[in-house]
Amino acid sequence: PLRRLRSARAERLVAAATAVGAGAVVVATALVRDGAVLAAQRTRPPALAGRWELAGGRVEAGEAEEDAVVRECREELGCAVSPTGRVGTDLLIDAGVLRVHAAVLVDGSAPTALEHAGLRWVGPAELEAVDWVDADRAVLPDLRALLGPS
Ligand code: C5P
């Protein structure tokens, strides 16, 4: 019940912030396959190029977060995914708020780096060593829990 309340309150705060142009909702995808999560290497901006992230992007006006996850994975990774639930808590980033959603590949679909410099599947033992962008690093404890023991 506490989580629900906090989440509803966060929802209102984000809605209010977005209404005054203070920020966007950005979704990131914890795409899981065979006990590993997909990391994607950024190409931009120069300050973030070379660092790794969970693929994602801004939620469009009127778009459900899960639909944004599916769209961003199609656009950036050329693959079909099915979201399976939220991971971790809301994270404040410069652009607004970042929300991570777990997802699995739809049968037969495989990711390609269409907009990233490269992709890698990261198992629980390798999570810490990846040069994640700051916001995504904050999700590591939740990703570890999602992936289970190494
Ligand atoms: O990828 P894009 O530049 O559209 O992302 C919008 C914002 O969300 C950027 O500020 C980016 O750094 C941030 N972001 C993030 N972690 C992700 C995806 C995006 O911090 N996994």
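Trainee: What volume of space lies in the largest pocket?
Mentor: About 640 Å³ lies in the largest pocket, a volume being the space filled by probe spheres set on grid points joined across faces, edges and corners. A pocket is an open set of points on a 1 Å grid over the protein atoms alone, where a 1.4 Å probe fits, with protein on both sides within 12 Å along at least five of seven lines; lining residues have an atom within 4 Å of a point. The lining has 23 residues, and the closest to the pocket centre are Val-26, Arg-42, Leu-48, Glu-53 and Ile-93. S1, strand S4 (56-58) and H3 each give two or more residues to this lining; such elements are DSSP runs, helices (H or I) of at least four residues and strands (E) of at least two.
The model is predicted, with local features needing pLDDT of at least 70 and side-chain atom pairs 80 or more, while totals for chains, interfaces and linings use all residues. Numbering starts from 1 along each chain as its sequence is written, and side-chain values use heavy atoms, without hydrogens and water.

Trainee: Which polar side-chain atoms lie by an oxygen atom of the ligand?
Mentor: For a polar contact, look for N or O atoms within 3.5 Å. Arg-42 places a polar side-chain atom 3.2 Å from a ligand oxygen, and Arg-44 places one at 3.3 Å from a ligand oxygen. A polar backbone atom of Leu-54 is 2.7 Å from a ligand nitrogen. The protein covers 81% of the ligand's own accessible area of 450 Å² (Shrake-Rupley, 1.4 Å probe).

Trainee: Is the peptide bond from Arg-44 to Pro-45 cis or trans?
Mentor: That bond is cis, with omega near -15°. Pro-45 belongs to the loop between strand S2 (36-41) and strand S3 (52-53).

Trainee: Where is Asp-34 found?
Mentor: Asp-34 is in the loop between S1 and S2. Its phi is near 50°, positive in a residue other than glycine.

Technical notes: A polar contact is a pair of N or O atoms within 3.5 Å; within protein, one must be able to donate a hydrogen and the other to accept it, and residues adjacent in sequence count only if both atoms are side-chain atoms.
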